[in-house]
Amino acid sequence: MTSAPANLLAVRNLLLTHLNVDKDTVRSQDLEPAEVGIVGDPNHKGGYHCGSDRVVPNDYSVVESTRDSTGLTLHASALDVGMFSVSSGGGTHNLRTFSTWCVSQCAVGAADAQDIREIIYSPDGTTVRRWDRLGKRTSGDSSHLFHTHFSFFRDATKAGRDQTPLFRRYLTAIGLIAPPKPETDMEQTDKLIKDTGYENRTVGDVLADLENLRNWLISPVNTAGLVTPPQANSPLQQMLAMARAWPALVAQVTALSSRDFTDEQQIVTGVLAGLPPETIAAAIPSQIARDVADELSRRLTA
């Protein structure tokens, strides 16, 4: 016989958890368990509140979409939500605003609303409207002035796909559920994603190294300035080693820059050694040549 699937029971429990609480709260009207239904009463013949044992010939909840005809089981595939009113997040929220919000999400193609076939609701308590993903119908009977009907494609019910995200998002939007923690938040114990040469390096290590670097930069000359030793082979340790060696390196470069590395005598000797005598003689002026010859003669006879 027709039964309530687990995924729609989860939606029911979620709504009742946050919209049905003690009367001493800010709520002026709670959502009661009897107002949130999945399986149709015995008077229901056909439609999404019925499973395969209670559908009728040419049942619109079966024949208008292959998502329904291939997903037909003994499970009902609908949810009714009754009247409620709650003050939260600086505003008042009720069945009317809840219904129009859900319709707006379906209309814009929200990812977590893709399994909803239709919503029959009243935006003002006077007019009944129907949002139909297949565009077949635009209204419904007057009972929907007091409750909102959600139909889910039967293949979603058969597959057991989670239907709570849309409704959880609504409860978060009106302030009844705290928003999820941003995924970008990191703990100090988290390891870094990129390799820094130390595979176990954590966010805490980075913060400690930054503090150590700050302390080192503002510490007096000739003091280490470290509150804790850096990790072995860490980028900070390498940076500090280079920083400590820098003054000596600067002194060496300065000393070298003031030296004259030119040896003129060695250059002249090298050039002369590579020339033949006649070339050297031709290059010497006459007077200098006579002086050189006299000097050589004196040295030879001495």
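Visitor: Which residues touch the most other members of the largest nonpolar core?

Guide: L79, F98, F150 and F167 do, in a core of 34 residues. Keep in mind that this is a predicted model. Two or more residues each come from α1 (6–19), β2 (78–81), α4 (95–107), β5 (116–121), β7 (148–152) and α6 (164–173).

Visitor: What does L79 touch, leaving out residues up to four places away in sequence?

Guide: L8, V11, R12 and L15 are among its contacts.

Visitor: Which residues meet where α1 and α6 pack?

Guide: From α1 come A10, V11, L14, L15, H18 and L19. They meet T164, F167, R168 and L171 of α6.

Visitor: Why is T2 called buried?

Guide: The relative accessibility of T2 is 8%. Buried means under 20%, so T2 qualifies. T2 lies in the segment before α1.

Visitor: What surrounds T2, leaving aside neighbours within four places in sequence?

Guide: V39, H49, C50, G51, D53, R54, L74, H75 and A76 are in contact with T2. The T2 side chain reaches the backbone nitrogen of G51 at 2.8 Å.

Visitor: What makes the pairing of the T2 and D53 side chains a polar contact?

Guide: The distance is 2.6 Å.

Visitor: How far apart are T2 and I38 in sequence and in space?

Guide: They are 36 residues apart in sequence. C-alpha to C-alpha, T2 and I38 are 10.0 Å apart in space.

Visitor: How do you know that H93 is buried?

Guide: H93 has a relative accessible area of 16%. The limit is 20%, and 16% falls under it, so H93 is buried. H93 is found in strand β4 (residues 91–94).

Visitor: What does H93 touch, not counting residues up to four places away in sequence?

Guide: F84, S85, V86, S88, Y170 and I174. With S88 there is a specific reach: the H93 side chain comes to the backbone oxygen of S88 at 2.9 Å.

Visitor: Why does D132 count as buried?

Guide: Its relative accessibility is 9%. That is under 20%, so D132 is buried. D132 lies in strand β6 (residues 129–132).

Visitor: What does the side chain of D132 reach?

Guide: The backbone nitrogen of K136, at 3.0 Å. D132 also touches R117, E118 and R137, not counting residues up to four places away in sequence. D132 and S151 are 19 residues apart in sequence and 9.4 Å apart in space, C-alpha to C-alpha.

Visitor: Is N58 buried or exposed, and what makes it so?

Guide: N58 has a relative accessible area of 71%. Exposed means over 50%, so N58 is exposed. N58 is found in the loop between β1 (36–37) and α2 (60–63). Phi of N58 is near 55°, a positive value in a residue other than glycine.

Key:
Residues are numbered from 1 along each chain as its sequence is written. This is a predicted model: local features need pLDDT of at least 70, side-chain atom pairs count only at pLDDT 80 or more; totals for chains, interfaces and linings use all residues. Side-chain values use heavy atoms; hydrogens and water are left out. Helices (H or I, at least four residues) and strands (E, at least two) are DSSP runs, numbered from the N terminus. Buried means under 20% relative accessible area, exposed over 50%, partly exposed in between (1.4 Å probe, protein chains only). A polar contact is a pair of N or O atoms within 3.5 Å; within protein, one must be able to donate a hydrogen and the other to accept it, and residues adjacent in sequence count only if both atoms are side-chain atoms. Contact means heavy atoms within 4.5 Å. A nonpolar core is a set of buried Ala, Val, Leu, Ile, Met, Phe, Trp, Tyr and Cys residues joined through side-chain atoms within 4.5 Å.
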